[in-house]
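Q: I'd like to learn how to read strand pairing, helix packing and a ligand shell. Could you walk me through them?

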Amino acid sequence: MTVFIPTQPSQGLMRVSLLGPMGIGKTTALRSLCGQLMAGSDVRNLDRAAHSKEFTTVGAEFGEIDLGSGERLQLVGSPGQDRFDFVRRWVLSASVGALLMVDVGDEEAVDYVAGMLKGIAQLDTTPLIIILSCREATGQQLEDFSSALIAGGHELVPIIQADPRERQQMLDALGVLASLLSLQSQSL
Ligand SMILES: Nc1nc2c(ncn2[C@@H]2O[C@H](COP(=O)(O)OP(=O)(O)OP(=O)(O)O)[C@@H](O)[C@H]2O)c(=O)[nH]1
Ligand SMILES: [Mg+2]
């Protein structure tokens, strides 16, 4: 399958990518946000050892939403499986922002996010990142997660709680990201 992503989306459209491990809910989030108006790339999951779910994403998937007040976002979902790291890098390098979706209660989450942030910092142009806590978590868990990242030498990254199945929660998270992007472009 060949998918072409132009380096820049059409005018007035910001490209934001969805990242995260297998099964965290990237495709679910795109479906919540875009309904049928998305181009998916799911196939039957043959790696049931990695995750028991029936389908998994093997390429980039696309959708578009209007946040209101003239802001439109092109959303690009990425595959979570490690073997598709090249797709993630490609998607990230063409995005101005990204939601890094994790379960902060997963014991591997800090290392996962630290690895992703390290990889992202090495890109030629780095997208603005927001961490999305996608499973139930207490305030203390979120604080501990943030502290662990800072202790590991990473910059402070905003963490937002949002359920990928809930459209409004995803819209609110994207609204925060769009506001941060707008602030960033004003200060350039
Ligand atoms: N409990 C719970 N389940 C969720 C949540 N979000 C998604 N799911 C379920 O988890 C499964 C994984 O969803 P996907 O959206 O395919 O995950 P993905 O991140 O796209 O995974 P890959 O494409 O394989 O990397 C689906 O069965 C969803 O219904 C959530 O917030 N909580
Ligand atoms: Mg998927």
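Q: Which residue of β6 does Asp-66 stand opposite?
A: Strands of a sheet pair through backbone hydrogen bonds, either parallel or antiparallel. In this predicted model, Asp-66 stands opposite Arg-72 of β6. The strands β5 (residues 61-68) and β6 (residues 71-77) are paired in the antiparallel sense, over 7 bridges.

Q: What is the order of the strands in the open sheet?
A: There are 7 strands, in the order β2-β5-β6-β1-β7-β8-β9, and the pairing is mixed. At the edges stand β2 (38-39) and β9 (159-161); each has a single partner strand, so one side of each has no neighbour in the sheet.

Q: Which strands does α3 touch as it packs on the sheet?
A: Helix α3 touches β1 (13-19), β7 (97-102) and β8 (128-133). Its direction makes about 160° with that of β7.

Q: At roughly what angle do the axes of α3 and α4 cross?
A: The axes of α3 (residues 109-121) and α4 (residues 139-151) come within 10 Å and cross at roughly 45°. Angles between 35 and 65 degrees count as oblique, and α3 and α4 are therefore oblique to each other. Their crossing is right-handed. On the α3 side the contact is made by Ala-109, Val-110, Val-113 and Ala-114, and on the α4 side by Phe-145, Ala-148 and Leu-149. Sorted by class, this contact has 7 nonpolar residues, no polar and no charged ones.

Q: Now the ligand. Which residues come nearest to ligand 1?
A: Gly-25, Thr-27, Thr-28, Thr-57 and Gly-80 come nearest, out of the 18 residues around ligand 1. The most come from α1, with 3 residues.

How values were computed
Residues numbered from 1 in each chain as written. Chains lettered and ligands numbered in written order. Predicted model: local features only at pLDDT ≥ 70, side-chain atom pairs only at ≥ 80, totals over all residues. Near = placed C-beta within 6 Å. Helix = DSSP H or I, 4+ residues; strand = E, 2+ residues; numbered from the N terminus. Axes fitted to C-alpha atoms, helices over the stretch in contact; angles between N-to-C directions. Parallel < 35°, antiparallel > 145°, perpendicular 65-115°, else oblique. Left-handed = near helix turned anticlockwise from the far one by under 90°. Contact = placed C-beta atoms within 7 Å. Nonpolar A, V, L, I, M, F, W, Y, C, P; charged D, E, K, R; others polar. Pairing = 2+ DSSP bridges.
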